[in-house]
Amino acid sequence: MIQIQDFHFKYIGRKAEAIAGVDLHIQQGETVLLLGPSGSGKSTLALALNGLIPHIVGGRMEGQVDIDGLDNRTATVAELSQKVGILFQDPEAQFVTMTVEDEIAFGLENLQVPPEEMDSRIQEALDQVGIGHYRRRRVDALSGGEKQRLALAAVLAMRPQTLVFDEPTANLDPLGTRQVFETIAKLKANGKFTLIIIEHKLDDLMHMIDRVIALTSEGNILVDGIPAYVFGEQTEDLLAEGVWMPQTALLAHQLRNRGLELSPFPTTLAQAEQAFGALGLAITPNGHKPLPKPDNGHPPAVEVRNLSFQYGEIPVLKNINLQVPKGDFLAIIGANGAGKTTLAQHLIETLHPPAGCVLLNGIDVTQIESRDLIRRVGYVFQNPEHQFITNFVDHEVAFGLRQMGLPEDEIDERMTRLLTQFGLEKLAKANPFTLSHGEKRRLSVATMLAVGQETLILDEPTFGQDQRNATALMELLQELHAAGRTVIIITHDMTLVAEYAHHCAVMSAGELLFHGSTEDVFTQPDLLSRARLTLPPLAELSGRLAARQPEWAGMQTVDHFATALAREMLWEEVT
Amino acid sequence: MESLYYQNDSLLHRLNPLSKIVATAPVILFLALTTAPWTPSVFILFFGLITVIWGRIPILRYLKTVTPLLFLITGFLIFYPFAVDPARVAGTGIAFQIGSVVVRWGGIIFGVATALRILSLIFGTLLFVLTTDSSDFIRALVQQWRLSYRIGYSAMAAYRFIPMLHSELAVIRAAHKVRGISDRGGLRAQYDRARRYAVPLLATAIRKAERTALAMDSRAFGAFETRSYFRQLTFARRDWVFIGAFLAVSLALILILAKAGLLGSLVVLQEF
């Protein structure tokens with residue numbers, strides 16, 4: 001049982017409190033989803049539960065945090081680590097040792113568990129997460145999903161009753177995400193654990209959730225209650241705070257705004273399936289959305305011909321052939337290690353393709369001066385910090401313009417315009433590294449756009465962003481796309497793909513498995529499982545509904561559903 | 001950076017890492033002092049055989065590991081005779097002459113001896129490196145030589161960072177190149193570039209280190225003065241036997257060489 005009273009916490013050197021007065025009471029065995037925009041104090045709350053706050057992390061704590069009657073100020077970290085375990089986000093930064101069993105032993109050794117007891121506890125913990133047979137493997141040989149399960153096993157071995165998951169799938173591909181969620185579901189079924197989950201891929205999780213708590217960006221509780229109440233009744237508040245919602249709830253909310261009430265308000269796929277079934281609507285299929293025709297007057301923005309690439313002796317790209325027409329919005333998707341980023345790096349010549357293998361607007365990339373290349377193609381890396389090269393936000397934007405040799409007054413004018421467009425004008429004199437995560441991302445896109453490239457490549461553009469920042473960024477990309485730019489994104493987020501990409505290139509183990517319209521990708525379950533990808537939640541829903549009534553097939557986004565249903569309602573009103 | 005460690009469960013692998021150090025260190029130190037070509041040659045063979053036979057390192061793998069070093073040594077062999085102090089080899093015969101440059105036999109022999117000496121040091125170190133898991137080494141330092149476990153295990157965690165920082169640097173390079181920073185230029189440009197790489201690299205490293213520290217602390221790292229050990233490393237009888245036998249055989253080899261007059265003078269004796 002967790003009892004929190006008037007909890008405040010302020011990190012050393014920060015002006016504002018990360019948590020500004022939280023009261024919470026969580027029962028043993030509850031499964032709680034903890035939501036909030038970036039910087040709302042979700043992780044701070046997690047760290048207070050296992051005593052790292054106030055014992056290890058520097059800052060000022062006020063109020064009372066009790067775990068099973070232990071005060072987190074007076075109890076030691078060793079005691080609390082056996083009450084509350086945390087699985088962190090980054091699978092690469094949680095390990096100490098080289099092998100699976102040593103990693104689990106690490107925590108037990110810290111607790112001075114006798115060696116003869118460890119053997120069984122290690123096996124038990126590994127079995128709980130379903131990787132018992134990996135016991136003697138090396139940690140580096142595991143996939144991302146396996147690493148996260150190992151990190152979870154390492155926590156479980158210390159036998160905590162409460163488990164906190166702090167964005168455990170943020171760095172994982174769709175399959176790894178599914179593995180982690182299935183493991184959480186197994187722990188939930190066990191019934192012993194109190195589970196507190198911080199996540200934003202919600203739809204595959206919602207069926208386990210008993211209660212949702214959302215924090216405000218100031219570090220207060222915004223809303224607290226059962227999922228149907230939080231997502232059904234408090235939707236506007238959540239959206240205004242920039243909190244991620246389940247796709248089903250977003251859909252139900254949209255339909256409600258258009259006068260169609262689903263009841264009970266669905267927050268899981270199963271509930272949505274039931275609610276739509278209960279409506280008894282006969283819908284007419286959407287049909288294929290006509291894709292904008294590739295402009296035949298122009299050579300393709302990107303053309304890849306028979307491109308292969310080896311890293312040492314390991315083939316990373318196997319004979320890739322791909323044409324991206326000018327003005328397309330393409331998503332390159334695939335599991336980790338499929339070769340997506342390697343392919344993209346060939347397009348900007350940070351990896352060097354053989355002559356004639358990569359053409360940009362019909363010109364061989366190896367024939368383009370690198371100074372000229374950066375004016376044609378912009379590339380936004382996953383971690384915005386990697387691209388910062390100056391000490392001020394405005395210099396950062398001006399840098400590319402200066403390189404083009406523009407006159408000072410034009411540089412000034414374009415810089416000011418971009419800073420305003422990206423909401424960074426007040427931060428012009430700040431150091432790029434001191435910006436918030438969302439601001440850093442906006443700046444990195446702004447610097448790329450400054451030069452005005454025709455083609456823009458973005459690697460995981462929404463990574464680590466809250467809902468508001470992510471949506472703002474994607475809308476911006478849509479605007480650029482509407483203005484005729486070619487946009488290529490690399491992402492693991494299938495919802496994002498369904499919503500924004502017109503075409504997909506599906507990669508697996510260095511091969512291009514499929515290149516075609518996004519709708520065609522998500523109607524081929526075989527292809528997806530071969531590429532170790534999963535369906536976006538609403539495509540999954542569409543599939544389930546279509547099993548009863550084929551007209552529901554082929555829908556993938558909130559928009560698809562809303563348009564199809566609106567048409568239906570209109571039609572019913574008319575008759 | 002890739003670790004050279006080759007995983008199996010040979011005799012050498014099962015030894016306590018420290019016993020390998022205790023056994024090889026005196027011999028390696030001694031070899032560093034030799035000047036004649038015979039002693040290092042004998043020990044190169046000795047180290048090589050022990051590593052391959054009792055470490056069960058596949059010969060191909062062993063050769064692959066030493067080949068790049070051989071190139072280095074060859075380079076050394078070629079240039080040493082030209083660089084050697086002429087006064088030291090003045091008495092020896094002339095091997096060949098290119099214009100005014102005279103290469104004497106003495107210089108060539110010095111070159112060979114020095115190259116072999118370096119090679120013998122490397123072969124000796126490989127005996128340890130190829131057969132010792134770095135984490136076992138740290139465990140042994142903590143358990144037997146009373147290194148603070150807080151330092152030891154932090155070092156172990158930090159060791160995991162090396163490949164991560166390596167790939168991170170590659171990404172940062174690419175990211176800067178895309179911004180139009182040329183990777184050519186003189187010293188000044190290189191310095192500027194290194195400074196630009198350093199900031200994001202440090203930022204990432206610090207963030208990762210913070211995360212790792214939190215993950216370690218939340219598993220009660222450092223909560224108690226001592227810890228228990230899942231792998232209790234011991235100094236078993238086989239370790240003593242290995243140390244004794246290794247040193248005995250080494251000594252015997254040195255004595256035989258000395259008796260045959262092949263040991264040559266040692267550096268210390270020359271200098272003083």
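Student: In this predicted model, how many residues of chain A and of chain B are in contact, and what makes them count as such?

Tutor: The contact joins 62 residues of chain A to 48 residues of chain B. They count because they have heavy atoms within 4.5 Å of the other chain.

Student: What is the area buried between chain A and chain B?

Tutor: About 4800 Å² is buried between the two chains, with carbon and sulfur atoms giving 57%.

Student: Why is the pair B:Arg231 and A:Glu101 called a salt bridge?

Tutor: The side chains of B:Arg231 and A:Glu101 meet at 3.1 Å, N to O. The limit is 4 Å between a side-chain nitrogen of Lys or Arg and a carboxyl oxygen of Asp or Glu, so this pair qualifies. Across the interface of chain A and chain B, the rule finds 10 salt bridges.

Student: Which elements give two or more residues to the side of chain A that touches chain B?

Tutor: They are α3 (77–81), α4 (100–110), α5 (115–128), α14 (393–403) and α16 (437–450) of chain A. The most comes from α4(A), with 9 residues. By class, this side of chain A divides into 31 nonpolar, 17 polar and 14 charged residues.

Student: Within chain A, what do domain 2 and domain 3 bury between them?

Tutor: These two domains of chain A bury about 480 Å², 58% of it on carbon and sulfur atoms. A:Gln247, A:Gln556 and A:Thr557 supply 73% of the area that domain 2 buries against domain 3.

Student: How many salt bridges does the rule find across the interface of domain 2 and domain 3 of chain A?

Tutor: The rule finds 0 salt bridges there. On the domain 2 side, the residues divide into 1 nonpolar, 5 polar and no charged.

Conventions: Residues are numbered from 1 along each chain as its sequence is written. Chains are lettered from A and ligands numbered from 1 in the order in which they are written. This is a predicted model: local features need pLDDT of at least 70, side-chain atom pairs count only at pLDDT 80 or more; totals for chains, interfaces and linings use all residues. Side-chain values use heavy atoms; hydrogens and water are left out. Buried area is the accessible area (1.4 Å probe) that two parts lose on being put together, summed over both. Helices (H or I, at least four residues) and strands (E, at least two) are DSSP runs, numbered from the N terminus. Ala, Val, Leu, Ile, Met, Phe, Trp, Tyr, Cys and Pro count as nonpolar, Asp, Glu, Lys and Arg as charged, and the others, Gly among them, as polar.
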